[in-house]
Amino acid sequence: MSTYSSEELNELLGHFSLPQKEYLIKPLTDGLINDTFLIFDAATPLYILQRVNHLVFTDVKGLMNNIQQAFKYLKGDDYTRITLVSPKTAGSHYISPTGNHWRVMTYINGSTAYNTTEDANIAFEAGRIISRFNSLLQQADLEDYVDTIPCFHDISLRQEQFKSTIKTAAPEKLEIAEKAIVFTNTILEKLTALDLAGLPVRVCHNDTKLNNILFSKETNKALCLIDLDTLMKGYFLYDFGDAVRTIANTAPEDEQDHSKIIFDKKLFEAFINGLATNGSFLTKTEIEILPWGAVLMPFLHGIRALTDYLNNNIYYKVAYENQNLDRSLSLYSFTQKALNHIDYMEGVLKEKLG
Ligand code: GN1
Ligand code: MG
């Protein structure tokens, strides 16, 4: 993450409609794209200050407009509201003082997030809040939302980027990544044949990994989803698959010991039970294809991580040189496991949602 001094960050906060004082500020380092800070008033965390990475999200205005639109609907029973703090200068919901774009949001005190879980109650709650989020957004008008990253989950685009990277990558990297490259080509054949064209287009979250869900520290009840930068048009199977890859799999995204990467049926079923509580907006065709979302999403993340490894880590933040390769191998291991469970997932979904 870029480093900012407390003075610089406090100066930025001075542009927003907040009580003027010296805030204590701590970086949150889990995200791979934006720079995020937690703002404390005395000992109480009250706000999130975030720099939006405009190299990844080139239409910051459109992105902030998407979030603002969606926040109108993301509230109500069983869904905790987050709001944007306005800058002092009216107009938009972010400021761009030196070419970087900054926003402030309310922070839900007493909330927490999990990178992984073994707890079926957490899996249930994750399913419940994801279907609540999506059902609240059924009120949204698709026309109001821009694509913040065009073709974000489009397999043809990811295939193209991968193929062109293969042509320019360093030979030693191609050799180290050989196993992952072979797997990529095998799965691409299967997944590029998937026909999604007839599915309903919805306003989706598009990054529903478990750690984008806030839970109450006290009760472990899911409160809401965070990180709405990729909120845009999509298919529900994207939100489904991203959740399954981080819930039915108890290992972290870059796990190197693949014996720890499993498809956990107990967690999957708890997740589906949660999903079913608000799942009435889903159509029959959508439900039938959902299992493929659980294969597609880990694969898409895997091919993107592998491509970035071969491109010398220009997209994702990495803690060590080969982390993107480890991510892709781990994500591919889960892709294979999800593939082995297609029939099983179909059965569970039919029973609980069909
Ligand atoms: C990126 O920065 P973060 O963690 O919110 C990525 C997601 C991936 C995630 C982890 C815009 O999100 O698609 O799920 O890393 N976001 C973007 O793999 O590329
Ligand atoms: Mg994200």
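User: In which sense do strand E7 and E8 pair, and over how many bridges?

Analyst: First, the basis. This is a predicted model, where local features need pLDDT of at least 70, side-chain atom pairs count only at pLDDT 80 or more, and totals for chains, interfaces and linings use all residues. Residues are numbered from 1 along each chain as its sequence is written, and side-chain values use heavy atoms, without hydrogens and water. Strands are DSSP runs of E, at least two residues, numbered from the N terminus. Two strands pair if DSSP finds at least two bridges between them. Here, strand E7 (residues 213–216) and E8 pair in the antiparallel sense, over three bridges. Ala222 in E8 is the bridge partner of Phe215.

User: Which strands are the edge strands of the sheet?

Analyst: The open sheet has three strands in the order E5-E7-E8, with antiparallel pairing. Strand E5 (111–112) and strand E8 (222–225) are the edges; each pairs on one side only.

User: How many residues surround ligand 1?

Analyst: A residue is near a molecule if one of its heavy atoms lies within 4 Å of it. For ligand 1 there are 15, and the closest are Leu32, Lys209, Asp227, Arg304 and Tyr315.

User: Which side chains have N or O atoms by an oxygen atom of ligand 1?

Analyst: A polar contact is a pair of N or O atoms within 3.5 Å. An oxygen atom of ligand 1 is 2.7 Å from such an atom in the Asp227 side chain. For the side chain of Glu253, the distance is 2.8 Å.

Notes:
Chains are lettered from A and ligands numbered from 1 in the order in which they are written. A polar contact is a pair of N or O atoms within 3.5 Å; within protein, one must be able to donate a hydrogen and the other to accept it, and residues adjacent in sequence count only if both atoms are side-chain atoms. Helices (H or I, at least four residues) and strands (E, at least two) are DSSP runs, numbered from the N terminus.
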